[in-house]
Amino acid sequence: MASVQLHNVQKNYDGKTTVIHGMELEIRHGEFVVFVGPSGCGKSTLLRMIAGLEDISGGDVLIDGVRVNDAPPRHRDIAMVFQDYALYPHKTLFDNMAFGLRLRKTPEDEIKRRVMDAARLLRIDHMLDRRPAALSGGQRQRVAIGRAIVRQPKVFLFDEPLSNLDAQLRNEMRSEIKKLHQRLGATIIYVTHDQVEAMTLADRIVVMSGGHKMQYATPDEIYNQPAAQFVAGFTGSPPMNLVPCALSGGAVDLGGARVQLPPTLATRAEIAKKHVFGIRPENISPLPRNVTGELNVQSTVVISEPLGAETLVTFQVGQVELVARCAASYKMPAGSQQTLYLDPQAMHLFDGDSGKAL
């Protein structure tokens with residue numbers, strides 16, 4: 001395993017179109033770091049620059065303290081797992097996993113040992129004589145991961161490896177990849193557009209937008225202390241409620257409904273001219289009707305979405321709508337009046353101009 005550092009890394013095309021803007025990152029030995037963001041944010045481009053598959057326009061990439069900007073991929077001691085598996089259809093699983101080692105003239109007894117160890121780890125040791133066409137998507141992805149493991153690289157790179165799998169297989173493989181990291185203790189950099197994958201897999205997450213790093217932190221910090229409005233709106237399912245608001249007297253006005261802010265948040269809010277109020281669905285609680293309090297607001301039920309274990313309910317509060325995560329037993333029909341409690345410890349304010357958290 002190894003550390004990876006990116007210092008002011010940039011990528012542009014034709015000297016005009018910049019897709020990565022001065023990226024600064026430090027990935028520690030044995031850390032699982034996920035790059036996450038919407039399509040076109042630059043996450044796969046950044047991964048390919050680390051791998052040596054894309055030229056670097058500016059800055060430096062270091063692996064274990066060694067600058068590798070000009071080193072070809074085969075000299076960077078990395079292994080990459082692609083979205084499309086990239087298996088040889090005419091070769092058995094054993095030969096697919098052994099192919100890279102044979103190119104490096106590794107002794108056959110060492111190849112057999114490494115392939116069998118990786119196959120047992122991935123629970124595919126009973127099918128090594130099969131060809132890819134005889135496998136499910138999840139099994140093919142295990143072979144692709146096994147091919148990377150036998151290399152024993154310093155860094156594993158995963159480029160949206162679960163995108164082609166159905167929902168159940170994605171969940172199973174996500175669990176397997178996390179277990180694999182715990183067993184190997186390897187340094188892993190993983191790209192995905194799925195924020196659930198990012199939150200469940202990562203030690204730390206890089207949230208990207210438009211080639212910029214919006215936040216680099218643990219999943220808990222990303223979720224509970226988003227550094228920007230974009231991060232708050234991208235993470236969570238459903239995401240944080242974000243509504244433009246007016247601020248006066250230490251309270252926010254949500255189009256006719258006033259909500260008192262905690263004193264510390266109200267003080268920080270004074271540095272911005274425009275404000276966006278944020279609160280996550282699980283921090284909004286229905287109360288018995290007409291219960292009063294400075295943290296309570298009156299609302300009207302708009303729509304309920306039963307999900308089995310819980311019910312998502314959209315409430316009209318003043319002139320805005322807020323989504324709340326309610327108990328599965330919540331049955332109030334549309335049009336009903338409902339008092340809501342907003343947890344003051346979970347309120348957020350963002351600068352309406354810059355999008356930064358206040």
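Which residue in strand 18 is the bridge partner of leucine 312? The partner is arginine 325, and the account below places this pair within a predicted model.

## Basis of the report

This is a predicted model, in which local features need a pLDDT of at least 70 and side-chain atom pairs count only at pLDDT 80 or more, while totals for chains, interfaces and linings use all residues. Residues are numbered from 1 along each chain as its sequence is written, and side-chain values use heavy atoms, with hydrogens and water left out.

## The protein as a whole

The protein has nine helices and 20 strands, where helices (H or I, at least four residues) and strands (E, at least two) are DSSP runs numbered from the N terminus. Along its principal axes, the C-alpha trace spans about 75 × 45 × 30 Å.

Of the 358 residues, 50% count as buried; buried means under 20% relative accessible area, exposed means over 50%, and partly exposed lies in between, with a 1.4 Å probe and protein chains only. The accessible surface comes to about 16,400 Å², of which 49% belongs to carbon and sulfur atoms; such areas come from the Shrake-Rupley method with a 1.4 Å probe, and for residues only the protein chains shown count as cover.

Strands of a sheet pair through backbone hydrogen bonds, either parallel or antiparallel. Four strands here form an open sheet in the order 2-1-4-5, with antiparallel pairing; two strands pair if DSSP finds at least two bridges between them. Strand 2 (17–27) and strand 5 (66–67) stand at the edges with a single partner strand each, so one side of each is left without a neighbour in the sheet. Helix 1 (residues 43–51) packs on this sheet and touches strand 1, strand 2 and strand 4 (58–63), and its direction makes about 115° with that of strand 1; the axes are lines fitted to C-alpha atoms, for helices over the stretch in contact, and angles run from 0 to 180 degrees between N-to-C directions.

Strand 1 (residues 4–13) is joined to strand 2 by seven bridges, and within this pair lysine 11 stands opposite isoleucine 20. Strand 1 also holds asparagine 8, whose phi is near 50°, a positive value in a residue other than glycine. Asparagine 8 is partly exposed, with a relative accessible area of 37%.

Eight bridges join strand 17 (residues 310–317) to strand 18 (residues 320–327), and the pair of leucine 312 and arginine 325 belongs here. Their hairpin has two residues between the strands, and glycine 318 in it takes a positive phi near 60°. Strand 16 (residues 296–306) and strand 19 (residues 337–342) are joined by five bridges, with asparagine 296 opposite tyrosine 341.

## Helix 5

Helix 5 (residues 167–184) has 18 residues, which at 1.5 Å a residue should span 26 Å, and its end C-alpha atoms are 26 Å apart, which agrees; the expected span is 1.5 Å times one less than the number of residues. At the start of the helix, a side-chain oxygen of aspartate 166 reaches to within 3.2 Å of the backbone nitrogen of glutamine 168, and just after the helix glycine 185 takes a positive phi of about 65°.

Met173, Arg174, Glu176, Ile177, Leu180 and His181 are buried in helix 5. What covers the buried residues includes helix 3 (108–122), helix 4 (137–149) and strand 8 (187–192).

## The loop between helix 8 and strand 11

Most residues other than glycine have a negative phi, and most peptide bonds are trans. The peptide bond from serine 237 to proline 238 is cis, with omega near 0°, and proline 238 is found in the loop between helix 8 (229–234) and strand 11 (241–248).

Threonine 235 is found in that loop too, and at 2% relative accessibility it counts as buried. Its side chain reaches the backbone oxygen of valine 231 at 2.8 Å.

Conventions. Contact = heavy atoms within 4.5 Å. Polar contact = N/O pair within 3.5 Å; in protein donor to acceptor, adjacent residues only side chain to side chain.
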